[in-house]
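Visitor: Could you walk me through this fold, one question at a time?
Guide: Gladly, let us look at it together.

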Amino acid sequence: MSNERFTIRVEGLFESAHYIRNYLDDGSDEPLHGHSWKVEAFVSSTSINNTTGFAVDFYSVKKELDDICNYLDHVNLNDIDPFTTINPSTENIAKWIYHKLQDRLVKKKIKGHIEKIIVWEGPRNYAIYEKSTQYEEKRKKHEEF
Ligand SMILES: [Zn+2]
């Protein structure tokens, strides 16, 4: 087991509208509005490819993330799968991108483990999605102090 890890970060952007269903006090929907969304994908590996010197290939990961962001670009997120049935909250978008990107990395045999996905809803607010095992380990470590 390697005791080192390399993590790369790739960034994707999309512009789209959304609203949160059943958000207001009277049970009605939030008004439709738009955001400039930013996605950060952190992908790691514990070893380097001897030929390229890469732990994770930026270009390959970026291409997959761009495809995913293109799907989300210039739409009302509430109108596209899976957000026709689940609310397109920043958290749900981050989770969906994580799983989409993971599927694509596996299918295309792109080496790398997704550490976390951060989705920025505009310049100030973001949500992080990471798998609960990683989260639990970090939380336990934190609680030891
Ligand atoms: Zn919003």
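Visitor: Which handedness does the crossing of α1 past α2 have?
Guide: Helices here are DSSP runs of H or I with at least four residues, and strands are runs of E with at least two, numbered from the N terminus. A crossing is left-handed if the near helix is turned anticlockwise from the far one by less than a right angle, and right-handed if clockwise. By that rule, the passage of α1 by α2 is right-handed.

Visitor: Before we go on, what kind of model is this?
Guide: Residues are numbered from 1 along each chain as its sequence is written. Local features need pLDDT of at least 70, side-chain atom pairs count only at pLDDT 80 or more, and totals for chains, interfaces and linings use all residues, for this is a model that was predicted.

Visitor: Are α1 and α2 parallel, perpendicular or oblique to each other?
Guide: Axes are lines fitted to C-alpha atoms, for helices over the stretch in contact, and angles run from 0 to 180 degrees between N-to-C directions. The two axes come within 10 Å and cross at roughly 135°. Under 35 degrees counts as roughly parallel, over 145 as roughly antiparallel, 65 to 115 as roughly perpendicular and the rest as oblique. Therefore α1 is, relative to α2, oblique.

Visitor: In what order do the strands of the open sheet stand?
Guide: Strands pair if DSSP finds at least two bridges between them. The pairing in this open sheet of 4 strands is antiparallel, and the order is β1-β2-β3-β4.

Visitor: Why is one side of β1 and of β4 left without a neighbour in the sheet?
Guide: β1 covers 6-18 and β4 covers 125-129. Both stand at the edges, so each has a single partner strand.

Visitor: Which residue in β4 stands opposite W120?
Guide: β3 and β4 pair in the antiparallel sense over 5 bridges. They form a hairpin with 3 residues between them, and G122 in the turn has a positive phi of about 80°. Within this pair, E121 has N125 as its bridge partner. Opposite W120 stands Y126.

Visitor: How many bridges join β2 to β3?
Guide: β2 spans residues 33-45 and β3 spans residues 113-121, running antiparallel. K38 stands opposite W120, and F42 has K116 as its bridge partner. The number of bridges joining the two strands is 8.
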